[in-house]
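Let us take a friendly walk through this structure, one part at a time. Please have the sequence and the 3D view open as you read.

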Amino acid sequence: MSSETTSPATSAPPADDNRWRDAAREILAGRPAVAVGALILALIAGSVMIAFTNSDVREASGWFFARPGDTLTALGRAMGGAYGQLIRGSIWNWQATSFTAQIRPLMNTFDNATPLIAAGLGVAVTFRAGLFNIGGRGQMLAAAIAAGWVGFGIPGIPFPLHLILCIIAGALAGALWGGIAGFLKAKTGAHEVIATIMLNYVGYYLLQYLLATPGLLQAPGSPNPITPATPESAQLPALFGRQFTVDWGFPLALLAVVFCWWLLNRSSLGFTFRAVGENPRAARVAGIDVARATTIVFMVGGALMGLAGAQQVLGTVTTGFTDGIDGGIGFDAITVALLGGSQPVGVLFAGLLFGAFKAGGSAMQAGQGIPVEIVSVIQSLIVLFIAAPPLVRAIFRLPQPSQLAAARKAGKAARKETDK
Amino acid sequence: MSAVTVNAAALSVEAPIGHRTIDKRSYKTPLILTGVTVLLAVLLLASPRPGSTTFTLATAQDAVQIPQAIVPGMAFAWVCMIGAALLTLAAAWRAWSYAKLPGWALALFALVAIAAFLGWAGAGAQGHINVVSLIANAVLVAIPLVFGALGGVIGEKAGVVNIAIEAQLLMAAFTGAVTGSLTGNPWAGLCAAILSSALVGAVLGVFAITYRVEQVIVGVVLNVLVAGITTFLFSAWLATDSSRLNNTLTVRFPAVGIPLLDGIPIIGPALFRQSIIVYIMYVAVAAVWFALYRTRWGLRIRAIGEHPQAADTVGIRVNVMRYGAVIIAGAIVGIGGASYTLVSNPSFNREMTAGFGYIALAAVIFGNWNPVRAAFAGLLFGFAINLQQVLGVIGSPVPSQFMLMLPYVVTLLAVAGLVGRSRAPAADGVPYIKE
């Protein structure tokens, strides 16, 4: 930080008209300001990448020194096209003629956000206990195996019951897969990051084996490693009719948010999780069984991941799934949980934001030919910047909280002087 | 096990203070060997495979031509099994007499166990098992694993957990491919790969050391970020002119035989008729070991990873050294990443590292944070991955997925303390705040 922002605060005489400036400082040093700053930085980086790969911009930059206006026009057109498409693909399509078509992007956003919210909660809950759940992929795949097997392995169950059984099976399988990591951490001290990463691959190859072996998960008569389609009786029905992709998984994810909020903030189990997260030694002294809490929190996280995995099988990919059924959501969930500050409500909004990015990114790829991976670049940059608030504050010249405290102290001392 | 009775006299002040060592019998090694032997025996008994196994032991270019060895598969496997059983007994006897089994005996056990497995798997198969190419390809597969593990060891010894090995490998593979294609020079590609991977290491350093962000988070996010950037550029830029931008077919490092050494039967052509990157790998393993355990720099690196406060009080600049460590580690990982596009493949492809960075991380832990052991763990994992491909070709009875799963299961058991003892540096992953 440069000294120019600090010197007025420390040297200025204490006066009542500083109140507004102090208030502004408080806001600028706060977390929301950092989040906005991170978003801006990430979007700038994304814009640079779009500009770099846009053929018109590159062409026009060839004669930049002769006619700089051309480059700027091309730049503006590329940016406008990309971000316009992003918004039209994720929130509101103002070019469509009917209301259904106009609102469809928003529904796509909800659909994409559904597994992100559930999986993000799975990471957030373990975060609150001071543990990393990098094992979203494995837990989702385990859930997909279980939900898929109950789905097309046990035919003849009527609609709502079959669906509920599938979801429960998925959540249980996820809880089991997560519970292994938690149990190993609790009983042997194995680092949960390594354990969950390894379990990701064990789950992945287990699914590959099941998919490649006739008589297990492989669709009968198919030479490809793909499962049979999910039967109608086990599918999540559409929420607002067939014209929208969003299904009943979305309200289910909202229910999970409420459940996690209650679990973490109102239940005694959640209190033990948070106590272990704050200080495991103090928690042990207070009589909390840390090993038990570690295992259980991983089971809860795994069950939420399992919910996301089940939603994939029962809602998103119902025509039979492959080993890519997790769709990278297990890793996206980490960024969702970080952006949401590991708070259930924060995860909800972060999941909606990333769901919108995902929906808009696909539209951007289809409409503007910009690879959808730009979304994961922007997402990871947002998280990286949010995790390092001092960096964002330094770039935007926002006041640092430590300087704020120093300024406040200096002001108080000065006031004392004048009182005397 | 340690029923040590301490009498009152020993505790009294007058008693002389004696140094006492308590010997313990550790049955871990024989138990593991027994487990492997029993598992193999069950396999042989449960599904006997008639027919003979053909081992090819030389390549066409070799000076010494060893003829193909055709052995009866099951008999060969059982002979190897007897060897394995004898070694297990030896391990038990050594453990009973408070000693450890020497390393060469463990290596021998691994060899006979693998030979038994190959003899069984190849029995009656159509194809033959080419031992030379089995080892040679295992080394080839293991290049990114070994370099990744070396980089991981350096970072973690200095107290910085590097989950971003995957990102560094991918970044290096990408820049190696682009620079190599544009310049037509593999060395330029290698340099670019090293620089870009070191850059990822520097970014890791900025966030993990200066801004003290949780290192696991930085690593995971960097993996996503680099996968996104490289795939984006691959689709939006490389794909537009792939013959000019992404074509290292003629640029790649050729295999060069080392005179004399490549004349050794079997292992000569396998280990010493490789590309220059493999020779760099052999040197790098020794160099990293020497640097960490025999130089002042290495002592300081290990000090800041174990107890940064103590290191700081004697005047070591902890965070400066950590920056140096992550950047050097990144450069080393970059050599491994370059091997994807400058040795193994003729072009870059999206997410071509396919989780090898995580296997390298597993090798770091399985190798107990020791560069030589981690390198051997990397080779072992490379062997398992390659063996699966070979068995797929000759038509093996073991599902390939379980072979691929093996490195991860073994590492899971290792971190759980079931296989050997794994202990990370004390300050691993803890940012240092100077007071």
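Domain bounds, as used here, come from an automatic or database domain assignment. Keep in mind as well that this is a predicted model. With that settled, we can begin with chain A, which is divided into domain 1, made of residues 7–92 together with 391–419, and domain 2, covering residues 104–372. If you trace domain 1 of chain A in the viewer, remember to pick up both of its stretches, 7–92 and 391–419. How far apart are the centres of domain 1 and domain 2 of chain A? Taken over C-alpha atoms, the centres are separated by 35 Å. Where these two domains touch, domain 1 of chain A supplies 12 residues and domain 2 of chain A supplies 16 residues.

Now turn to chain B. Its assignment gives domain 1 as residues 28–125 and domain 2 as residues 140–395. Here the C-alpha centres of domain 1 and domain 2 of chain B lie 32 Å apart. The contact between them draws on 13 residues of domain 1 of chain B and 10 residues of domain 2 of chain B.

Back in chain A, a pair of helices is worth a look. Helix H8 (residues 159–188) and helix H9 (residues 192–212) of chain A pack at an angle of about 145 degrees, and their axes are 9 Å apart. The crossing of H8(A) and H9(A) is right-handed. Which residues meet there? From H8(A) come A:Trp177, A:Ile180, A:Ala181 and A:Lys185. They meet A:Glu192, A:Ala195, A:Thr196, A:Leu199, A:Val202, A:Gly203 and A:Leu206 of H9(A).

Methods
Residues are numbered from 1 along each chain as its sequence is written. Chains are lettered from A and ligands numbered from 1 in the order in which they are written. This is a predicted model: local features need pLDDT of at least 70, side-chain atom pairs count only at pLDDT 80 or more; totals for chains, interfaces and linings use all residues. Side-chain values use heavy atoms; hydrogens and water are left out. Axes are lines fitted to C-alpha atoms, for helices over the stretch in contact, and angles run from 0 to 180 degrees between N-to-C directions. Helices (H or I, at least four residues) and strands (E, at least two) are DSSP runs, numbered from the N terminus. A crossing is left-handed if the near helix is turned anticlockwise from the far one by less than a right angle, and right-handed if clockwise. Contact means heavy atoms within 4.5 Å.
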